[in-house]
Amino acid sequence: MKGIVLRNKSLSIQNNLERPSPKRGEVLVKVKYASINSYDVETIEGQNALLKKLGGEKTYPVMTGIEFSGVVQSDGLRFKKGDEVYGYPDLAKGQKSHQEYITIKEDYMAFMPTNIDFAKSASLPLGALTSLVGLKDIGKIKKGSKVLINGAAGGLGVYAVQIAKIWGADVTAVVGPGQEAFIKALGADKVINYKEQKLQELSYTYDIIFDLTTKVKFSAIKVLLSEKGIFIPANPFNHIFAVLGNVFRRKKVGFLMVARGEYPKLTEISRWVEQGTLMPVIDRSYEFKDYQQGFDRTLESGKRGRIILKIEDYSS
Ligand SMILES: NC(=O)c1ccc[n+]([C@@H]2O[C@H](COP(=O)([O-])OP(=O)(O)OC[C@H]3O[C@@H](n4cnc5c(N)ncnc54)[C@H](OP(=O)(O)O)[C@@H]3O)[C@@H](O)[C@H]2O)c1
């Protein structure tokens, strides 16, 4: 089996990896497409080491790829051979999806939306799910909530904007230059260009501030929270002390970590896509052999949504 192997902070393709065998509760999936995430770049740089330690991570040759679409190869309890699925591996442990086959617990995937292809399906699962868990379970979003999404044009942000609008929130999106019309078309009510406007100087308050940039500190942003508002950073491990301080204040910091199988929520995401209320957004798609270009693109400014890697039909 082929896969992208991480060794000494650098990546290479290997063709002779052992194909995994499903354990009880898992199925084998032939991966058609996977995404390349900022999270993968952080993994290469060693930034997710603490999370992996907490998860009791064994070392696998393939350490990148946290979303996929593909076809089930073995019968499970819910899924059968031939089913078209999309999903996400556990962030803290186990195999990742930049490889030809993955074994995965059935709760970590759902049936693909019937109206989109494998490429679009691979752009969705964890980005949409993290946005849904952040906004709904942690942020308690409701109709009319005032929501600020910082980093709204990226891989998570494009789904956070759309999902906040599904709940009827009033959404302010913070994006870079040239992204205003794009993010408005996804539903944002107001748009702020972060190159022109400093967040701390805004005169509004928000019930939820969702930070997908990993650059914002609670101490700097809390002035923008409403009385019982919540700040939800995408990387909670940078904000542990602020989370622990929640007991002493009304303004809170959310601990967002998608760390379990969420089949019902992923199924709801499929339904939204089928109804046309949630749109997958692909920035660019790369052939497997061009994976390095895909990783390089992840580091660039000006992306719109997810970067996709075609895993199937690979030839070197
Ligand atoms: N907690 C969880 O369960 C979980 C799950 C998955 C991912 N994550 C984390 O979520 C984070 C975001 O992931 P992603 O895939 O959305 O990353 P991404 O695609 O790189 O998006 C980040 C966005 O932030 C924008 N940005 C950069 N600097 C900014 C600034 N000063 N002000 C406002 N916006 C700024 C970027 O815009 P430009 O194009 O202008 O640079 C980009 O659109 C990552 O750290 C990832 O590890 C968390």
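Two strands are taken to pair if DSSP finds at least two bridges between them. Helices (H or I, at least four residues) and strands (E, at least two) are DSSP runs, numbered from the N terminus. The model is predicted: local features need pLDDT of at least 70, side-chain atom pairs count only at pLDDT 80 or more, and totals for chains, interfaces and linings use all residues. Residues are numbered from 1 along each chain as its sequence is written.

**View 1. The hairpin of strand 1 and strand 2**. Strand 1 (residues 3-7) pairs with strand 2 (residues 10-14) in the antiparallel sense, over 5 bridges. Valine 5 has serine 12 of strand 2 as its bridge partner. The hairpin has 2 residues between its strands, and asparagine 8 takes a positive phi near 50 degrees.

**View 2. The whole chain.** The chain holds 10 helices and 15 strands. Its C-alpha trace spans about 55 × 40 × 35 Å along the principal axes. A compact globule of 316 residues would have a radius of gyration near 20 Å, and the 19 Å of the chain agrees with this. The radius of gyration is taken over C-alpha atoms, and the globule rule is 2.2 Å times the number of residues to the power 0.38.

View 3. Strand 8 (residues 146-150) is joined to strand 11 (residues 206-211) by 4 bridges, and leucine 148 has isoleucine 209 of strand 11 as its bridge partner. Between strand 11 and strand 12 (residues 225-233) there are 5 bridges; here isoleucine 209 is partnered by phenylalanine 231 of strand 12. Strand 12 is joined to strand 13 by 2 bridges, and the bridge partner of isoleucine 230 is lysine 252 in strand 13.

View 4. Two residues are in contact if their C-beta atoms, placed from the backbone, lie within 7 Å.

**View 5. Domain 1 and domain 2**. The domain assignment, which is automatic or from a database, gives domain 1 (3-124 + 280-310) and domain 2 (127-253). Their C-alpha centres lie 26 Å apart. Domain 1 gives 13 residues to the contact and domain 2 gives 11 residues. On the side of domain 1 that touches domain 2, 5 residues are nonpolar, 5 polar and 3 charged. Ala, Val, Leu, Ile, Met, Phe, Trp, Tyr, Cys and Pro count as nonpolar, Asp, Glu, Lys and Arg as charged, and the others, Gly among them, as polar.

**View 6. The shell around the ligand**. The ligand is surrounded by 28 residues, the closest being Gly151, Gly154, Gly155, Gly176 and Ala234. A residue is near a molecule if its C-beta atom, placed from the backbone, lies within 6 Å of it. The shell consists of 11 nonpolar, 14 polar and 3 charged residues. Domain 1 and domain 2 each provide at least three residues of the shell. Helix 1 (38-44) and helix 4 (125-138) each supply at least two, and helix 1 gives the most, with 3 residues.
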